[in-house]
Amino acid sequence: VQTCALPISAIKGVGELAADKDGRVAGDPLNLVMIGNSDDILASLSRAGWSFTQVINFDTVRRMAGAAISGAAYPVAPVSPLYFMNRPQDLALQRARNTILQRNHLRLWLAPFRFQGKSIWVGQVSRDIDIKATTSSSTLTTHVIDPNIDEAREHVLQSLLVAGSVTRFGFVAGIEPGTAANPHTNLSDDPYFTDGLRLVVVLSGNTTTSPDAVGFFEWRESMDPLGK
């Protein structure tokens with residue numbers, strides 16, 4: 001574990017995409033970094049309305065299938081694994097809606113370096129808008145993501161700011177930008193477009209930070225209206 005002089009020096013050096021188990025197929029982009037120890041993650045995201053998901057097993061897959069057929073809510077529905085640093089996500093959370101077909105979900109991987117004594121978590125966030133059949137998943141189903149993944153990234157920031165869970169945030173370069181006319185695709189062949197930036201958030205943990213006290217890393221500026 002190394003301590004970075006500046007978070008950007010390490011954050012810009014991590015990979016751009018999550019992958020499948022074999023590491024051969026590009027998955028969703030790593031568009032989020034959170035700085036805070038595990039208790040900071042738990043306190044900040046819980047206060048912002050995010051809940052931890054259940055693991056994938058026979059019972060939870062059966063419950064997901066029933067919820068998908070009926071359109072019911074499943075606020076702790078499992079999130080399928082993606083791989084980064086040769087392992088699946090360490091944490092998976094979501095902000096559920098009133099139907100399992102739609103939710104905002106994020107995956108977090110603990111990085112092997114720290115900033116000012118705090119853990120660094122590399123993450124991926126997107127918004128689910130539907131469910132479809134696929135042979136790339138052990139459950140034979142997967143969610144379809146909203147192609148505008150930057151809105152999901154900004155939703156994370158907005159939820160944390162409203163909850164007073166941010167002490168500082170900024171944006172650094174991540175994946176190569178993609179447009180609606182020339183989008184990227186993920187493991188499930190869902191198209192997505194992005195300005196290519198990665199949100200970096202320093203969490204306040206159990207301390208509530210007022211909006212006028214939040215600092216900004218002056219690296220890059222998000223093109224999404226919520227970021228502005």
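Me: What is the average pLDDT of the protein chain?

Reply: The protein chain averages a pLDDT of 80, and 70% of the residues score at least 70; pLDDT is the predictor's confidence in each residue, from 0 to 100. Over residues 1-6 the pLDDT is below 50, although this stretch has 15 contacts in the model beyond near neighbours in sequence (contact means heavy atoms within 4.5 Å). Where pLDDT is low, the predicted coordinates should not be read in detail. This is a predicted model, in which local features need pLDDT of at least 70 and side-chain atom pairs count only at pLDDT 80 or more, while totals for chains, interfaces and linings use all residues. Residues are numbered from 1 along each chain as its sequence is written, and side-chain values use heavy atoms, with hydrogens and water left out.

Me: Why does Thr 194 count as buried?

Reply: Buried means under 20% relative accessible area, exposed over 50%, and partly exposed in between (1.4 Å probe, protein chains only). Thr 194 has 7% relative accessibility, so Thr 194 counts as buried. Thr 194 touches Ile 149, Asp 150, Arg 153 and His 184, among others.

Me: What joins the side chains of Thr 194 and Asp 150?

Reply: A polar contact of 2.7 Å joins them. The term denotes a pair of N or O atoms within 3.5 Å; within protein, one must be able to donate a hydrogen and the other to accept it, and residues adjacent in sequence count only if both atoms are side-chain atoms.

Me: Why is strand 9 described as largely enclosed by the rest of the structure?

Reply: Strand 9 is largely enclosed because 10 of its 13 residues are buried. Strands (E, at least two residues) and helices (H or I, at least four) are DSSP runs, numbered from the N terminus.

Me: How many bridges join strand 8 to strand 9?

Reply: 6 bridges join these antiparallel strands, and two strands pair if DSSP finds at least two bridges between them; therefore strand 8 and strand 9 pair. Leu 91 has Leu 108 as its bridge partner in strand 9.

Me: Which residues touch the most other members of the largest nonpolar core?

Reply: Among its 23 residues, they are Met 34, Leu 45, Trp 50, Leu 108, Val 156, Leu 160 and Val 201. A nonpolar core is a set of buried Ala, Val, Leu, Ile, Met, Phe, Trp, Tyr and Cys residues joined through side-chain atoms within 4.5 Å. Helix 2 and strand 9 are among the elements that each supply at least two residues of this core. Apart from it lies another core, of 16 residues, including Val 33 and Phe 217.

Conventions. Lists of a residue's contacts leave out its neighbours within four places in sequence.
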